[in-house]
Amino acid sequence: DWFHLVGLLHDLGKVLALFGEPQWAVVGDTFPVGCKVQKSVVFRDSTFHDNPDIRDPRYSTEYGMYQPRCGLENVLMSWGHDEYMYRVMKFNNFALPKEAFYMVRFHSFYPWHTHGDYRHLCTEEDLRMLPWVRELNKFDLYTKQEELPDVQQLRGYYQSLIDKYCPGQLCW
C-alpha cells in the first residue's frame, strides 16, 4: 500500500510552481551538483555554459567534492520538486520504508536510473534501491489519461494511507 502513496506523493513538490518558484527550479531531470556533469544530463551542452562549476577544478572532475562510493544520501542534488518533497518527507518523519524515500528523491535522476551514470558515487545500498526507482518510473511518465479519476471515490483509500504513513499536521 505504501507504493500507492508514493505514486500520489512523488510529484507533490511541483506545488512550488504555485508559490513563484521558476520552472527550472521545479521540474526537469536532476543530477548531483559539485562534480562533473555527465553527458546524459539533458541540455548539458546547450544550457550549462554559464554554470561556474564547469570551470571550477574542485567541481569539474568525476568525483568533484565527493569521495568514491560516498553514497547518494551524501550527494547534493540539483533543486527540484523531488528534492523538495523528499525533504518534506524526512522533516515530517514519514513512516515509509527507505525505498519510498529513494523513489521520491531520485525519480527524476535519469542520468542514474536510465543511463547508468554517477555509479561511481553509489554504495551497494544505492544499487539495491535502483530497481524501486525504476519501478516507479514505469508509472510516472507517459502513463497519464485524458479522463480524470473520481477523486471522491479514491479519497477514503488515500486518506487512510496518509493517516497511516504521514499522520498529523505536516510542515511544508
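Biologist: How many residues in the lining of the second largest pocket are nonpolar?

Modeller: This is a predicted model, where local features need pLDDT of at least 70 and side-chain atom pairs count only at pLDDT 80 or more, while totals for chains, interfaces and linings use all residues. Residues are numbered from 1 along each chain as its sequence is written, and side-chain values use heavy atoms, without hydrogens or water. Nonpolar covers Ala, Val, Leu, Ile, Met, Phe, Trp, Tyr, Cys and Pro; charged covers Asp, Glu, Lys and Arg; the others, Gly among them, are polar. The lining of the second largest pocket has 5 polar residues, 2 charged ones and, as nonpolar, 10.

Biologist: Which residues are closest to the centre of the second largest pocket?

Modeller: The second largest pocket holds about 370 Å³ of space. Of its 17 lining residues, the closest to the centre are Trp24, Val27, Asp29, Phe31 and Trp79.

Biologist: How much space lies in the largest pocket?

Modeller: On a 1 Å grid over the protein atoms alone, a pocket is an open set of points with protein on both sides within 12 Å along at least five of seven lines; a cavity is a set where a 1.4 Å probe fits but cannot get out; lining residues have an atom within 4 Å of a point. Volume is the space filled by probe spheres on points joined across faces, edges and corners. For the largest pocket, that space is about 940 Å³.

Biologist: Which residues lie closest to the centre of the largest pocket?

Modeller: The lining of the largest pocket has 22 residues. By class, they divide into 12 nonpolar, 6 polar and 4 charged. The closest to the centre are Gly7, Leu8, Pro149, Leu154 and Tyr158.

Biologist: Which helix gives the largest share of the lining of the largest pocket?

Modeller: Helices are DSSP runs (H or I, at least four residues), numbered from the N terminus. Both α1 (2–9) and α7 (151–165) supply at least two lining residues. The largest share, 7 residues, comes from α7.

Biologist: Which residues of α6 does α1 meet?

Modeller: Contact means heavy atoms within 4.5 Å. From α1 come Trp2, Phe3, Val6 and Gly7; they meet, in α6, Trp132, Glu135 and Leu136.

Biologist: What is the volume of the largest cavity?

Modeller: The structure holds 1 cavity of 30 Å³ or more. Phe31, Pro32, Val33, Gly34, Cys35, Val37, Asn51 and Asp53 line the largest cavity. Those residues divide into 5 nonpolar, 2 polar and 1 charged. The volume of the largest cavity is about 40 Å³.
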